[in-house]
Amino acid sequence: MLTVQELKAVHASPLFQNYSPDRLKALLRVTDCDVRRYARGAEVCSPTSFLKELAIVLSGQILVTKGGGELVVSALSPGELYGAAALFNEEPDYVSTLTARSAASVLTFSQETVQQLIDTQPVFRRSYIRYLSCRIRFLSGKIDALIQGSGEKKLRAWLVSQMDEQGEILLTCSMTELAARLNIGRASLYREVQKLEERGALVREGKRILIRDPAALDAEH
């Protein structure tokens, strides 16, 4: 049985936001799905340990990393999804590592359940296709931002992709390594970070970056 807040998280997800609350409750009652709960720091899945399932974050926050934790890709909050990359393909490994950043709970749907929903629920089918389409466009935009444009644009795109819901980023690599990943010079990276600090957009304290003004990351200066 889901709590009121957990039901709100499911309803806010891209898969079920077009359902009425009553219709969603009725659907979940007859759908094979499971709630999993994780302690802070617990591994949710990794490239070598994962299940073919789609999941909605119900509470807490889940960190998505690559390269053995060196690169933070994103932080998932209630209502956000993960697992689509493992469905409907025969790849032997998962694309990233997910770790509970705080105590967290998720609602999981097996590949078979997702297939059943696609087959029997037109609203779900359209929502799932729309979600995948939006993900393709989002990831394409991230690639464009990283391979094109100025060092400032690349840094801004990276900051937006990395910050959590509190606007915080915890660096898991050195500035030299970050400069290499963004394909800009180390001196240019420091210069662009300093510019954003001077504008009041962020504060950097060692490995921690706090985004004080997220809107400034999208502004043209």
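Student: How many residues does the largest nonpolar core have, and which have the most contacts inside it?

Tutor: Happy to! This is a predicted model, so local features need pLDDT of at least 70 and side-chain atom pairs count only at pLDDT 80 or more, while totals for chains, interfaces and linings use all residues. Residues are numbered from 1 along each chain as its sequence is written, and side-chain values use heavy atoms, with hydrogens and water left out.

The largest nonpolar core has 26 residues, and those with the most contacts inside it are Val-10, Phe-16, Leu-28, Leu-107, Phe-109, Phe-124 and Tyr-128. A nonpolar core here is a set of buried Ala, Val, Leu, Ile, Met, Phe, Trp, Tyr and Cys residues joined through side-chain atoms within 4.5 Å; buried means under 20% relative accessible area, exposed over 50%, and partly exposed in between (1.4 Å probe, protein chains only). Two or more residues each come from helix 1 (4–12), helix 2 (21–29), strand 3 (53–59), strand 8 (104–110), helix 3 and helix 4 (122–147). Helices (H or I, at least four residues) and strands (E, at least two) are DSSP runs, numbered from the N terminus. Helix 4 gives the most to this core, with four residues.

Now zoom in on Phe-16: leaving aside neighbours within four places in sequence, Phe-16 is in contact (heavy atoms within 4.5 Å) with Val-10, His-11, Leu-24, Leu-27, Ile-56, Phe-109 and Phe-124. Apart from this core lies another, of 20 residues, among them Trp-158, Ala-179, Leu-182 and Ile-184.

For contrast, Gln-116 lies in helix 3 (residues 111–120) and is partly exposed, at 47% relative accessibility.
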